[in-house]
Amino acid sequence: MKPEFVFYLLVFPGLLFTSVLGLLIGWVDRKVTARFTYRVGPPLFQNFNDFFKLLGKETIIVKEGVHSLFIVAPFIAFGVMVLISAIIGTALFYQYDLGADIIVVMYLLMIYSVMIILGGASTGNVYSSVGAGREIKLLLADELAFILICLVPIIKSGYQIKLDSILMAQVTNGAFIGSFSGLIAFIIGILCIQAKMALTPFSIPEAETELVEGPLMEYSGPPLAFWKLNQLMMYVAFPFLLILLFWGGFELIGIGILWAVLKYLSIVVLMIIIKNTNPRIRIDTALHFFWKIATPLAFIAIILAVFGY
Amino acid sequence: MNKNVIPVGPFHPLLEEAEYFTLTVDGETVVDIELDIGWMHRGHEFISEQKTFTQSIFLVERICGICSTSHPLALVHAIEDVDNIEIPERAAYIRTLIGELERIHSHLLWLGLAGHFIGYDTVWMWAWKYREPVLEMFEVISGNRNHYGMMRVGGVSKDVEPAKISELAKNLDMIQTKLEMIAKAVNDDPVLKSRLKGVGVLTKQAAIDFCAVGPTSRASGIPADVRKTDPKDAYGMVDFKVIVLQNGDVYDKLVLRVLETFESIKIVKQCLDKLAENNSPILNDIKEIKPGEGIGRYEAPRGEVFHYVRTDGTNRPIRHKVRAPSYVNIPTFQASCKGIPIADALITLAAVDPCYCCTERSLKFIDINHDPLKYDLLKISREKTESFRRQINGL
């Protein structure tokens, strides 16, 4: 293994960069949400304070259930998140292949969801198990549409599955978002991400006023801190993935830096706006939406991509 | 079949107060719901029997923090009913003004909470933001934001100063425009509509069977409104409509409350106009209440609140009975919550705008060592009534 791999994984764009940026973007989320609702919102470093405070709190472990799974799940999910962001980040910033392609990213994302399900179901709490059940249903709902929209850039880049090759194809031929198929896939992609991050309107597994945080209910102390950190890291990994697959990556020279920041922030703010202008939908409505509307649209995008639109 | 029991309560984010529902679920579908009350019992009726009438009014104001003028109004109606006491016209208008302002803020509070319960926190914050000017109007009128202390037997305790009426009217116009905006935003939202339409339907027959009152019954097509059927205070002198909708689902309950808020604004405007021109006293000084019994009713934001008072010629009630609207609305969950998903059941629980501390009028007696139903509540209640009757008749 090359020494720079360690740097990619642990510092930039892996663990350190993604967690710090995630915690900062968490502030953007809270601040924009607060402005939406006529509140002031927290100070810049509130998420850091929350995280470190939770690290110092006691971890309460319920008597029933599988303890090892309960403890291990958030940390495996954290490792998965670090790996995903390192893979996406290296392709995005260095145009360098970390030895993983888009299919590995899809698998890793699924492992993350499985960890939420296992962690939630391991406690024996009734809210957690209903929440874990909902997470499974939501995974079934959004996964097909997500895989289909990931096929669009693969097709458009001439059947390349390596992330850096997809990016290079966009650098030479222009971003895929400019075409019909790319635009449709991008929009469905944002909704899939919303579901994968369990943000409103798809905050169904964690529904605070129904299931009291669902799978995360029994968590406390450091494991909870890591669950919260994982969720914030997704605010980094998923928009980066969308930019990588559809929006032509970053060009980090001169004015390009400004564009890069704007691209990233616009996706994040769009997600926050969707989150704040919708009620939480029912799980059957979510299934209906993804299977009967999003998936056929994704198919149409694939067909358009095959024919070169 | 694998059935789980989901406890909602005694403390749960859905409930602002302590209450305990057990939802038996099969997967995501609620198959049975049970209610266990008695977590908030404070013995108000008993305390009220130790107090003078004026103190009782201040006490019942504290039964509920939200409909905090409905209970005093019903109580003064009951005491006035004992002696057929008339109140001055100006006092009647002030009572109606306070009652309707309270309806506005209570419905806005519900709208916000309903938004929060379905994960729509923006609606929550916006509804509560525009509830704030209503509370400020209360502060201008009575000096208090929540417990107004305005009701007295024979009138009201504070006058609305004529100099402040134009300011209040201006404030009201502002609230109306903002509410129209919120109502439009809520009505035009397709996601909200698909989330709430056809959810937790309470049929007309079920509403009649469970004796539902207030918005819960009016959304199911029953035009039950004490303000129209038994007009007290100024309700006979102002012009307003009773809103009735037919579907009985959560969406209709939402629309009904929004429309009722506009009706309330209409009533408040008429009251303010009348208060600006008419200048009579606000209180008939009542020296004593003769022995007898009286019934007071008032259409609280949640439905008809009912007070019964029995007096013996002293300055205290010897029996004071309260029946709050939530007490009859909460059992309708048996009809509306079965067979629907958990997510729908929980918003249905919230849709009747339950007020639990109003409801808690009784305790359950359980003898754990012997037969659990050793104490027959009905029998105890009849014996108690009988003892009052003997006491009054001097036997």
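Two strands pair if DSSP finds at least two bridges between them. Helices (H or I, at least four residues) and strands (E, at least two) are themselves DSSP runs, numbered from the N terminus. The model is predicted: local features need pLDDT of at least 70, side-chain atom pairs count only at pLDDT 80 or more, and totals for chains, interfaces and linings use all residues. Residues are numbered from 1 along each chain as its sequence is written, while chains are lettered from A and ligands numbered from 1 in the order in which they are written.

Start with chain A. Its secondary structure comes to 12 helices and 0 strands. Along the sequence the pattern reads α-α-α-α-α-α-α-α-α-α-α-α. The C-alpha trace of chain A spans about 55 × 45 × 45 Å along its principal axes. For 309 residues, a compact globule would have a radius of gyration near 19 Å, and chain A agrees, with 19 Å. That radius is taken over C-alpha atoms, and the globule rule is 2.2 Å times the number of residues to the power 0.38.

Now look inside chain A. Of its 309 residues, 50% are buried. A residue is buried if 20 or more other C-beta atoms lie within 10 Å of its own, exposed if 12 or fewer, and partly exposed in between, with C-beta atoms placed from the backbone. Contacts (C-beta atoms, placed from the backbone, within 7 Å) tell another part of the story. Among those in chain A between residues at least 6 apart in sequence, 79% join residues at least 24 apart.

Next comes the interface. The contact takes 23 residues from chain A and 25 residues from chain B. On the side of chain A, α6 (126-156), α9 (208-211) and α12 (283-306) each give two or more residues. α9(A) gives the most, with 3 residues.

Turn to chain B and its strands. Strand β1 (residues 4-8) of chain B runs antiparallel to β2(B), joined by 5 bridges. Here B:Asn4 has B:Val25 as its bridge partner. On to strand β3 (residues 29-36) of chain B: β2(B) pairs with β3(B) in the antiparallel sense over 7 bridges. B:Thr24 has its bridge partner, B:Asp32, in β3(B). The hairpin of β2(B) and β3(B) has 2 residues between the strands, and B:Gly27 takes a positive phi near 70 degrees there.

Finally, the faces of a strand. In a regular strand the side chains alternate between the two faces of the sheet. Strand β2 (residues 20-26) of chain B has B:Phe21, B:Leu23 and B:Val25 on its covered face. Its uncovered face holds B:Tyr20, B:Thr22, B:Thr24 and B:Asp26.

Note on methods
Two residues are in contact if their C-beta atoms, placed from the backbone, lie within 7 Å.
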